[in-house]
Amino acid sequence: MSLNRAPGALLLATTTIVGALSLTACTMNTEASGGDQAGFVTGSDGISTVAKGERKKPNLLEGETLQDGHLDVSDLTGKVVVLNVWGSWCAPCRAEAPNFAKVAKDTAGKGVEFVGINTRDTNRQAAVKFEEDYKVAYPSIYDPTGKVVLYGFPKGSLNPQTIPSTIVLDREGKIAARALQPLNEKELRSMINPLLSEK
């Protein structure tokens, strides 16, 4: 290979690698709300849980919904709340969406509420179409700048660090479980059912 061609080949290879990584991972940086992970247990399924006495309440989780309503998650205290952080541009979010729509429908009369947090979607219509395409019937807070995700969870708590992420709140409104990966139906139910059984 000539010296004149080498830089171009290197640039092409680097661009290809970066492009491939961006297609396979939907990530974000939430270090402002991160912190030590003491007291959390992560199972072999990748789901982290916190013992009942060690759970923390989230910070303010509220905002305008994709349907132009307003939602404050603290108003749902008394129910198990499933928070799903997603973006219409995220392939793993599309893969898990049918599971969330099904489990939300199945658990609607059992004291479970689902709330989406649509983040990093600058095109609101794309997010609305995503919900229509995947028959997502529960509301989603519209968070195009990522502010709700970044500041909605206290330091040292289980917080969303990737897209998709799922956080489950117990009936007291405290953070009980988290998954930093797309979930199948069985995994999603495994996060909800123990909290429904708590006294």
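Does Thr 162 count as buried or exposed, and at what relative accessibility? In this predicted model, Thr 162 has a relative accessibility of 18%, so it counts as buried, the cut-off being under 20%. As for its place, Thr 162 belongs to the loop that runs between α4 (147-151) and β8. In space, its C-alpha atom comes to 5.9 Å from that of Leu 180, although 18 residues separate the two in sequence. That loop also holds Pro 164, and here the backbone does something worth a look: the peptide bond leading from Ile 163 into Pro 164 is cis, its omega near 5 degrees.

Stepping back to the whole chain, there are five helices and nine strands. Going along the sequence, they come in the pattern α-β-β-β-β-β-α-β-α-β-α-β-β-α. Of the 199 residues in the chain, 44% are buried. Contacts reach well along the sequence too: take those between residues at least 6 apart, and 73% of them join residues at least 24 apart.

Helix α2 deserves a walk-through of its own. With 17 residues (91-107) at 1.5 Å a residue, α2 should span 24 Å, and the 25 Å between its end C-alpha atoms agrees with that. Still, α2 has a kink of about 35 degrees at Ala 97, shortly before the proline Pro 98. Ala 97 is itself one of the buried residues of α2, a list that also takes in Pro 92, Cys 93, Glu 96, Asn 99, Phe 100, Ala 101, Val 103, Ala 104 and Thr 107. What do the buried residues of α2 pack against? Their partners are the strands β5 (80-86), β6 (112-119) and β8 (165-169), together with the helices α3 (124-133) and α5 (185-197).

Arg 120, in the loop between β6 and α3, has a phi near 60 degrees, a positive value in a residue other than glycine. Its relative accessibility is 38%, so Arg 120 counts as partly exposed. Lys 135 is the other case, with phi near 55 degrees, again positive and again not a glycine. Lys 135 sits in the loop between α3 and β7 (140-143). Where does Lys 135 fall, buried or exposed? With a relative accessible area of 65%, Lys 135 is exposed, because the cut-off for that is over 50%.

Terms used: Residues are numbered from 1 along each chain as its sequence is written. This is a predicted model: local features need pLDDT of at least 70, side-chain atom pairs count only at pLDDT 80 or more; totals for chains, interfaces and linings use all residues. Side-chain values use heavy atoms; hydrogens and water are left out. Helices (H or I, at least four residues) and strands (E, at least two) are DSSP runs, numbered from the N terminus. The expected span of a helix is 1.5 Å times one less than its number of residues. The bend at a residue is the angle between axes fitted to the seven residues ending there and the seven starting there. Buried means under 20% relative accessible area, exposed over 50%, partly exposed in between (1.4 Å probe, protein chains only). Contact means heavy atoms within 4.5 Å.
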